[in-house]
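Hi everyone, thanks for coming. Let me put the structure up, and then we'll walk through how its chains meet and what sits inside.

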Amino acid sequence: MLGLNKKDTGLFLFVLALIVFAPFILNPFPESSDLARFNAGYPDLMQRFVIFGIFAIGFNILFGLTGYLSFGHAAFLGVGSYAGVWMMKLLTVNIVPALIAAIVVAGIFSLVIGYICLRRSGIYFSILTLAFAQMSFALAYSVLTPITAGETGLQLSLADPRILEAANASGTIPAANFFGLEMRSGFDWAVGDWVFTFNFGYYLCAVFMLIAFYISIRIFRSPFGMMLRAVKSNQQRMGYTGLNSKPYMLAAFVISGMYAGLAGGLMVAVDPLAGADRMFWTASGEVVLMTILGGVGTLLGPVLGAGMIKYFENIFSRLNESDLNALFGFLPDFIQAPLVTVAQMFVGDGWLMTLGLMFMLIVIFLPGGLLEGVQRLGALVSRKKKTNEPSQPAAAPAE
Amino acid sequence: MTLIRKPLSRRSVLRAGAAGGALLATPTIFTSRAWAQSYTNEPTGSTVTLGFNVPQSGVYADEGADQLRAYELAVEHINGEGDGGMMNTFSSKALKGNGILGKKVVYVTGDTQTKTDAARASARSMIEKDGAIMITGGSSSGPAVAVQALCQEAGVIFMAGLTHANDTTGKDRRANGFRHFFNSYMSGAALAPVLKNAYGADRNAYYLTADYNWGYTTEQAISEATEAIGWNTVNKVLTPLGAGDFSSYIAPVLQSGADTLVLVHYGGDMVNSLTNAVQFGLREAQANGKDFQIVVPLFSRLMARGAGENIKGIFGSTNWHWSLQDEGSQAFTRSFGQKYGFPPSQAAHTVYCQTLLYADACERAGTFNPCGVVEALEDFEFDGLGNGKTLYRAEDHQCFKDVLVVKGKENPTSEFDLLEIVEITPAEQVTYPHDHPQFAGGALGTCNPGA
C-alpha cells in the first residue's frame, strides 16, 4: 500500500489505529475511580504526544540513520514556533500560513547551522549544535526581546494587524483555527462511567504525524536512507570510494530541522504562545532521551519514547500527597504512611528522578529501547506458543 | 459525571475532521464542546475545583512551596476548618465558611517550573483534565502573563500570584486576569521619596539589571521615579539571568562616578550580586564625597535570608510583611504560624488574599461564571487583608493599596525577623492612571466565559 512493503504497511496501520483510538486507549480508567488520575486522554496531553512524536521522528532521521547526535534540535522547534506565532499575528489566525512559515523558517535556519556544524563529526558536532542552540536561546530570552517577547513568551494580542482577516470589534482575540474549525473545539462522549474526549486540534496534529511517519518510512527504505546508514557505519570508507557524503548529511539535517519546525508550528497552532524555554538545552536533551528511550534507528521507537516522557512529565509531576493517600487508602495505616512517604519522593517534583531511574534501567537492560522490550516480550510469547504445540515438526536451524 | 451531550459516532467526527478544510461553516458538533454548560467547567457536583499552579522546582521553588502552604490554609478557612484566619477581618462578609456557594473547595496542584511553556501545560491540564474553574499562582512574571492569556482563551479566571512586572496589568492585561501583588511602578513611586530623605537629592545611580522583562520594567520604573526627585542615572548594565558571579559587573561601578548602585535582581541573582558588591567593599566606599549606597527595589524575606549579613541597612520595597500590626496581618500570621511553625512570606500572603478574594467574588456574584466574577471584582473596595484599604481597579484589574518600604534589619531577633518597615507609602502616592506610558499598549478585551 502506498509504496510500502507488507511489514511497513502493517506498522503504518498499527500507528494509524493507535492515533485514531487514542482517546479510548489513554482513558482506560473510569472517572470516579482513584486511578482516573492516571488517565491521559485530555486534549493538551494528547496533542503533546503527537507533536513530540513528530519532533522525535524527525530527530531520529538524523540521529538514527546517520549517527550524528545533534544536541541543539530544540532551537529549530523554537524558531518554528516563533515563525508560527508571527504569522498568526501578522496574517491570520488560520494555522495554515503559520505551519508553512514554521517549516520554511526552520528549514532555512537548519540549513545555515547544518552547513557550519557538519564540518565536524562526533562529539565536536554535538557541541557545535549545542552551542548554536544555547546561543539561539539566549538571543530569544533577552537580546531579541522586541521580536520574541523574551521571558514572557510571544503571544497574540488584540492590537495585532492580522491583515488577512476582517476587522474584529468583539474585544476577544480570535481563536486559532483551520478554515473556521477551532483547534479548541471538540466534545466529550460519556459511556457509563467513562468519559472520552475528542478534540479537533488533536486529530489535526495526528494527521500531520501520520504524514510525517509515512515520509519517515519512505526515507528509511529509500536509497537516500541507505546512503545515510552508510555514513553511520563508516563515513571514511564512503569518502575513499569517491562519494561525497556532505550533501546527504546536510539534506538529512535540514529534513530533520523541518520536522522540528513543523512540531514547533503545531505547538503554537494548538496553544498560541512561543516561549524561549522550548529552545533551552534541556529541551534538546529531552528529544535525545525520547529517541534513546524508544529505540534509536527504529521507526516506531521515537514515538513511543516521546509518549512515555510526556506522560511522566504531565501525569507523575502532578501527583501530590493527597493523591497518594487516596491511591493507597485501601492499605492499613501502618503500611500506608511509610509507603506514601517513599512514593512521594518519586512523584510531584520528583518525577525527574523517576524518569532518570527508568532511563538508566532501560539503557542498561534494554539497549535497544522500549521497542526492544516489546520485541523480547513478543519473542517470549511466541516461543511459549511453540512449546504448547508439540505436533509441529522440529524445523529449527542448527545454530 | 453526566457529561453526555450528543450520542454521535466516532466516524462522523473523523470524517468531519478530514474534510474540515472544505467545510467552511463550522458544524455544530464542534462548537458544542459543552453545550450543557453555560461556561467552561461549570461545577455541577458538590465540589468546586481550583488549580494552584506554582513553581515546585527551579529557582523560585522556595516561594512556590510557601504559596502552596498558604493555598492549603485558604482552602481550609473557606471550607470552615481552622480558625478562619483573615476571613474574620475581611471587610466583606459574604463567605460563610461552607465552601463557595455551598460547594466544598477541592484543589489540584501543578508545577510551573518557572517556565512559560511548563506553566501553560500545567494550567491546561488543570482546566481540561481536572475541570478547574479558576487558576492561580506563579512566582514570576513570565509564567503569570502566559497563564493569564491562556485563562482568557479557555474562559476561566486567573488570579495572579507573585508577579511584579508592569506588563501583567500593563501591556499584557486580560479581562479574566487579576493581580493583587504590587508592581514595578509602585516600587519606584514608594522608594523614591524615602531614598531622597535618606540619601539626598543629588545622587548618581548605576543600574545592574536582570536581562529579562521584569528587569526592564523595574529598571525603567525606578530610574524614572528617582530622576523625578533629582537623581542622575550614570549607567544601566544588563546582566544575564542566573549569572552566579557578578564580579565583572561590579568592578567598573566605583570608577564610573556613581555613588549609588541599584540592583534590579530577584531571588538567587540578588543574593549573589549583593554579596559580590559587599565583597568589593562598596558599602564602605566613598564616592563624590558621600557614602556609597546600595538599593534593591524588590525585597522578600526569603531573599533576605539568603543574603544574610549583607542585607543590613539596605532599602527596598515589599508587598507585605508579617510584622505588620494590623488585625488582618496578625490573624493571618497567627493561623499560618500555628499550622506550619513559622511566619508566612509575602508570596504566601498574596496568594492567600487572591484565593479569598476569588471565593468572596463568586459568593457576591452568586455564580462561578467568569463574567459574573469579573463584574464582582471590578472596582471592588475592601479592607482587612493586611494592606489597609484596597481597590481592585476596573480598568486594568490591578490592586491599589499601601506599599511597604523596608530596610534590612540591623539586629534581627530571629531568622525570620530580617526586614524592618521604614515607611508605609499610602495607596494614593503609588496610584497612576491606567494608561500611564509604562503600562501603555494593552487592552483588557471582554471577559470570556468559554464554552
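So, 44 residues of chain A are in contact with 47 residues of chain B, where contact means that two C-beta atoms, placed from the backbone, lie within 7 Å. Quick caveat: this is a predicted model, where local features need pLDDT of at least 70 and side-chain atom pairs count only at pLDDT 80 or more, while totals for chains, interfaces and linings use all residues. Residues are numbered from 1 along each chain as its sequence is written, and chains are lettered from A and ligands numbered from 1 in the order in which they are written.

Now the inside. The largest nonpolar core has 239 residues, and A:Ile54, A:Phe55 and B:Tyr352 are among those with the most contacts inside it. A core is a set of buried Ala, Val, Leu, Ile, Met, Phe, Trp, Tyr and Cys residues joined through C-beta atoms within 7 Å, buried meaning 20 or more other C-beta atoms within 10 Å of a residue's own. Helix H3 of chain A, residues 43-66, gives the most to this core, with 15 residues. In chain B, domain 1 (47-182 + 323-401) and domain 2 (185-318) both contribute, so the core lies between them; those bounds come from an automatic or database assignment.

Last stop: beyond its neighbours within four places in sequence, B:Tyr352 is in contact with B:Ala70, B:Leu73, B:Ala74, B:Met86 and B:Phe332.

Technical notes
A residue is buried if 20 or more other C-beta atoms lie within 10 Å of its own, exposed if 12 or fewer, and partly exposed in between; C-beta atoms are placed from the backbone. Helices (H or I, at least four residues) and strands (E, at least two) are DSSP runs, numbered from the N terminus.
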